[in-house]
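Visitor: I would like to learn how to read a protein model. Please go through it one feature at a time.

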Amino acid sequence: MLKKLGMLAFTPDLICKTFSDPIRVRIALLVTREKELCVCELTCALNEVQPKISRHLALLREAGVLSDRRQGQWIYYSVHPELPDWVIQIMHIMLDANQAWLNESHQRLCAMQDRPNRCC
């Protein structure tokens, strides 16, 4: 959507709709917090099956909130570099105000064994 519609695609109603699902907003906030995560890390952190996480990642990517990159067998997700500042600010406000809400997911992520290595 970002490439097709340009920056005008980021309207409050689109962002609110994108973040209206608890799994999508948890994914977005965890990625914001960690800078970059892969599907396996998110399935562990959220304790959900891979197809469900992948479906929500696709929606976040289509909305222009997240971008992805491939490294070997892994696909890593990060906040889209062209995301408008006002959306990034909202994500940081939500993250700062909801640490307790994300705590269980963050603890599972920190306890995950064999997390993939990222290149520098």
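Visitor: Which pattern does the chain follow along the sequence?

Guide: Helices (H or I, at least four residues) and strands (E, at least two) are DSSP runs, numbered from the N terminus. Here the pattern is α-α-α-β-α-α-β-β-α-α, which comes to seven helices and three strands. The radius of gyration, taken over C-alpha atoms, is 14 Å, close to the 14 Å from the globule rule (2.2 Å times the number of residues to the power 0.38) for 120 residues, so the chain is as compact as a globular protein of that length.

Visitor: What should I know about the source?

Guide: This is a predicted model, where local features need pLDDT of at least 70, side-chain atom pairs count only at pLDDT 80 or more, and totals for chains, interfaces and linings use all residues. Residues are numbered from 1 along each chain as its sequence is written, and side-chain values use heavy atoms, with hydrogens and water left out.

Visitor: How much of the chain do buried residues make up?

Guide: Buried means under 20% relative accessible area, exposed over 50%, and partly exposed in between (1.4 Å probe, protein chains only). Buried residues are 42% of the 120 in the chain.

Visitor: Is S67 buried or exposed?

Guide: S67 lies in strand β2, residues 66–71. Its relative accessible area is 17%, so S67 is buried.

Visitor: Which residues is S67 in contact with, leaving aside neighbours within four places in sequence?

Guide: Contact means heavy atoms within 4.5 Å. With those neighbours left aside, S67 touches Y76, Y77, S78, V79, H80 and P81. Across the chain, 67% of the contacts with a separation of 6 or more join residues 24 or more positions apart.
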